[in-house]
Amino acid sequence: MGKPLTGNGRRARQDDDVRSGPKITIDEIDEKIIAALRASGRIGNRELAAAAGVNEATVRTRLRRLEQENVVRVVAVQDLSAMSFDAIAAVGVQVKGRSASAVGADLAQLDNVITVNVTIGMYDLEIQVVARDTTELDTLLSEVIARVEGVERLFPGLSLKILKYNNEWAPL
């Protein structure tokens, strides 16, 4: 049986409001197509058809539907280690004098900031940053991010070992 998704492509939860958009059903064939694309985003329709056990026309139709309904996006993903980014840090940001969204928008413009989330809790924002080494990370945190208008305090946590990094999910 298919797994229902909300109109924005996210897996439906029991408490989702029915007004959040039409439910999209992903069946076993769609799952096989998605799994094959996760393994290789450059796979051809012929190979996708073989992996899913259907013909190429079915693959084309299903891919078009999955893309139109924002269930999948086929994009290139940069490999941070291949690009010589050896330092990655999660950073809590406390904001003062400006809205968290405004400060977050400014931080999102920085190349080495790879995620920006407005949060509730101890920090107003949580960001993830990358640097080539700890010297560059120190400069990024103390001379660039700390000087963005509205940044009150930073709480960096340098990643020593990444146990899981799942790039298969697109941001909401």
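**Close-up views of a predicted model**

**View A. Glu136 is placed in helix H5.** The model is predicted. With a relative accessible area of 31%, Glu136 is partly exposed. Its side chain comes to 2.6 Å from the backbone nitrogen of Arg132. Leaving aside residues up to four places away in sequence, Glu136 touches Phe85, Asn112 and Ala131. The C-alpha atoms of Glu136 and Ala87 are 8.6 Å apart, although 49 residues separate the two along the chain.

**View B. One aromatic pair is present in the structure.** The partners are Tyr123 and Phe155, in a tilted arrangement with 5.1 Å centre to centre and 40 degrees between the planes. The pair links distant parts of the chain, 32 residues apart: Tyr123 sits in the loop between strand S4 (113-118) and strand S5 (125-131), and Phe155 in strand S6 (residues 151-158). Phe155 is partly exposed, at 23% relative accessible area.

**View C. The largest nonpolar core comprises 20 residues.** Val91, Val93, Ile127, Val129 and Ile145 have the most contacts inside this core. At least two residues each come from strand S3 (87-95), helix H4 (100-108), S5, helix H5 (134-144) and S6. The most are given by S3, with five residues. Apart from this core lies another, of eight residues, which include Ala36, Ala49, Ala52 and Leu63.

**View D. Surroundings of Val93.** Not counting residues up to four places away in sequence, Val93 touches Tyr123, Asp124, Leu125, Ile127, Val151, Arg153 and Leu154. Among these, Tyr123 is also a member of the aromatic pair with Phe155, and Ile127 is one of the residues with the most contacts inside the largest nonpolar core.

Conventions:
Residues numbered from 1 in each chain as written. Predicted model: local features only at pLDDT ≥ 70, side-chain atom pairs only at ≥ 80, totals over all residues. Heavy atoms only, no water. Phe/Tyr/Trp six-rings, centres within 6.5 Å; stacked < 30°, edge-to-face > 60°. Helix = DSSP H or I, 4+ residues; strand = E, 2+ residues; numbered from the N terminus. Buried < 20%, exposed > 50% of the residue type's maximum accessible area, 1.4 Å probe, protein only. Core = buried A, V, L, I, M, F, W, Y, C linked by side-chain atoms within 4.5 Å. Contact = heavy atoms within 4.5 Å. Polar contact = N/O pair within 3.5 Å; in protein donor to acceptor, adjacent residues only side chain to side chain.
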